[in-house]
Amino acid sequence: MTINNKLTEHLNRGSVGFPTALASTVGLIMASPVILTATMGFGIGGSAFAVAMVIAAVMMLAQSTTFAEAAAILPTTGSVYDYINCGLGRFFAITGTLSAYLIVHVFAGTAETILSGVMALVNFEHLNTLAESAGGSWLLGVGFVLVFGVLNAFGVSAFGRAEVVLTFGMWTTLMVFGVLGLIAAPAVELDGPFGVSLVGTDLMTILSLVGMAMFMFVGCEFVTPLAPELRRSAWVMPKAMALGLFGVASCMFIYGAAMKRQVENIVLDAASGVHLLDTPMAIPRFAEQVMGDIGPVWLGIGFLFAGAATINTLMAGVPRILYGMAVDGALPKVFTYLHPRFKTPLLCILVVALIPCLHAWYLGGNTDNILHLVLAAVCAWSTAYLLVTLSVVILRIRRPDLPRAYRSPLFPLPQIVSSIGILLGMWFITPPGMNPADVYLPFAVMLGATAAYALFWTLCVQKVNPFRPARVEDVLEKEFAAEPGHSHNEQVQHVGKLA
Amino acid sequence: MSASWLEHLTGPRAPAGYRPGATLQRVGRNLGLTDLQSATSFTYREDGPRIEVRERTESHLLMHLVMCEFILRVPARDQGRLRAELHHTGVLRRSGVACRRRGGDQALFERLDARLAAVHTVLMPLDFKRLAIDCQDGLWQVTLEHMGASEVVNRMPALRRYIPLDAEQRKHLWQVFDALERMLRDL
């Protein structure tokens, strides 16, 4: 069978349909950093932030066509790594992949750890007071990490059957509060649906808010690793990403308008210029305004479960991935250590738990640092997006003969729009009043370290040309046939009996 | 109406994005087998016992794990019912193998436990997560879940990783099945 036929067959089979693909693109909508960023964005920028969100949505929509074309050419489980490897070579592939996921998690994972406790407890006044007196409500997030780390060390699976309930619960919660907030009589007199901007409405200000707005939408590419599992993925994936983006944007607009309509953005600290909507305190105020006493309890429980489930996922999945890398020889052998009884990768769990805990502790659990972490994560994500776009453009030019079940329309316009937008977003990423060094410096250090590792690994360990792109056919052939650990020299015999 | 709706949401269901047989196919290639059908039931040497493999999933938020259970069936000499589970003992290092009765005949369990000393040596280096020995309807069934031959399918971050059954662990696995088959045939 030719590679084209294999590719067509691969794209047409699969067990996952449109709803799952759509759910994957919006699965993170209730993540605490996303909600707080939306609250802060609408609080600072009002209508200017709404315009920034529209710009970010258009950029991400353009970017989604690039991801869809890449996934149609290379429906592999390696996704981002394979796209960049075929376009730009292994050095950029390793740098881009680590940038997209590992660096993002150093920043966004720490933000989630700090915020999951803060966002949950801020809705329960007495518990919050108690937690603050004990050292801070952010410690609850650290507690989540430790508890789920220990549970996973004992091989206990939490939230085993709760994925559907959690995803459904998050969506419903946000939409119910948003719609009720719009229907209820307004508590604040606003100019327009989102109110006036506190930082101006000129082009430079709007561009400086695009970086924040992008954080609402990053993650739409989470659906691309599902490509091999999707039925008719070339048709399903771009539509799922587009509809997912539209769904997230709609939900956030409703939530932002409702928040501004129901919570007065009073000044909390005149010296530093901190307003209520810049802090997590705005959330319980909004919930109480919309639904009375039950509101903060509902929202608090929602955040509690969302935070716990997100952290549990991190603790259950990433250590196994590290263990697998150690078995393959990509990490030191010591990472293959298993607990004698439970056979859990203890050292891997310890490392994965320590990274966000130590980072959060280093930052003192200060929620003032959350926006810096979020924006540094956006920079990391943007770098990977740019590399994927460049790879898709290069493949169009260098390999026009490749079968493309989905082609990005109006090429190269979407690629130009998304790349310019992302570059502008990164250039103007710090909102007014923030020191750019607080965002760029940690990101640059992490990116530099990643690039150095990628260069060392490709040159000294893999001993290959780091900038030589891989052949698409080779990558597809590997996906369809070769697997790690493949061995023919054992006595395993195929007897051909169907169980 | 509401009960069925809740059951639909919370009841057993395959994780989102789970493709039955995909991990099994990887296990098959990992073992040097040629297709999915051979991976579900195979033998590791010409006169060896037949091993069946089936997938088991574990859901998490935006992630799921796929583990593989290796199953060996051996005819029992006597009738009786038993469910026993084995695990390694030790705090930091493996110090031995313990067997617990989870149900069934005490006498049969004692006979099994007495014979298990013969397989302790081969069980010690094997990274098994679960090992259950059942006797029912005149048939012994060994169900073994290894740490390898499993897959992490993660949507956040978007990663997918197959944990291979390396050559050394494969060797230990076949030795364990050989030893257990011999032991159970005579029990």
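Two residues are in contact if their C-beta atoms, placed from the backbone, lie within 7 Å. I wrote this down before looking anything up.

**Entry 1: the model**

I noted that this is a predicted model, in which local features need pLDDT of at least 70, side-chain atom pairs count only at pLDDT 80 or more, and totals for chains, interfaces and linings use all residues. Residues are numbered from 1 along each chain as its sequence is written, and chains are lettered from A and ligands numbered from 1 in the order in which they are written.

**Entry 2: the two chains**

I looked up chain A and found 18 helices and 2 strands. Helices (H or I, at least four residues) and strands (E, at least two) are DSSP runs, numbered from the N terminus. Chain B has 6 helices and 9 strands.

Next I looked up burial. A residue is buried if 20 or more other C-beta atoms lie within 10 Å of its own, exposed if 12 or fewer, and partly exposed in between, with the C-beta atoms placed from the backbone. Chain A has 499 residues, and 54% of them are buried. Chain B has 187 residues, and 43% of them count as buried.

I then checked contacts between residues at least 6 apart in sequence. In chain A, 83% of these join residues at least 24 apart. In chain B, residues 24 or more positions apart account for 55% of the contacts with a separation of 6 or more.

**Entry 3: Val122 of chain B**

I found Val122(B) in helix H5 (residues 120–123) of chain B. Which residues does Val122(B) touch, not counting residues up to four places away in sequence? I listed His172(B), Gln175(B), Val176(B) and Ala179(B). The C-alpha atoms of Val122(B) and His172(B) are separated by 6.7 Å, although the two are 50 residues apart along the chain. Val122(B) counts as partly exposed because it has 18 C-beta neighbours inside 10 Å.

I looked up helix H8 (residues 138–153) of chain A, which has 16 residues. H8(A) reaches 23 Å from its first C-alpha to its last, close to the 22 Å expected at 1.5 Å a residue. The expected span of a helix is 1.5 Å times one less than its number of residues. Its buried residues include Trp138(A), Phe144(A), Phe148(A) and Asn152(A). Just after H8(A), Gly155(A) takes a positive phi of about 75°.

H13(A) has 34 residues and reaches 50 Å from its first C-alpha to its last, close to the 50 Å expected. H13(A) is mostly covered, with 28 of its 34 residues buried.

Lys343(A) is in the loop between helix H13 (294–327) and helix H14 (346–362) of chain A. Lys343(A) has a positive phi of about 55° although it is not a glycine. I counted Lys343(A) as partly exposed because 19 other C-beta atoms lie within 10 Å.

**Entry 4: H15 and its partners**

I looked at helix H15 (residues 370–398) of chain A beside helix H16 (residues 413–427) of chain A; they pack at an angle of about 155°, with their axes 10 Å apart. That makes H15(A) roughly antiparallel to H16(A). Axes are lines fitted to C-alpha atoms, for helices over the stretch in contact, and angles run from 0 to 180 degrees between N-to-C directions. Angles under 35 degrees count as roughly parallel, over 145 as roughly antiparallel, 65 to 115 as roughly perpendicular and the rest as oblique.

Next I looked up H15(A) with helix H10 (residues 203–217) of chain A. Their axes come within 9 Å and cross at roughly 75°. That makes H10(A) roughly perpendicular to H15(A). The contact is made by Gly211(A), Met214(A) and Phe215(A) of H10(A) and Val374(A), Leu375(A) and Val378(A) of H15(A). By class, this contact has 5 nonpolar, 1 polar and no charged residues. Ala, Val, Leu, Ile, Met, Phe, Trp, Tyr, Cys and Pro count as nonpolar, Asp, Glu, Lys and Arg as charged, and the others, Gly among them, as polar.

**Entry 5: the loop between H15 and H16**

Leu410(A) is in the loop between H15 and H16 of chain A. Leu410(A) has a positive phi of about 55° although it is not a glycine. Is Leu410(A) buried or exposed? I put it down as exposed, because 12 other C-beta atoms lie within 10 Å. Pro412(A) lies in the loop between H15 and H16 too. The peptide bond from Phe411(A) to Pro412(A) is cis, with omega near 5°.
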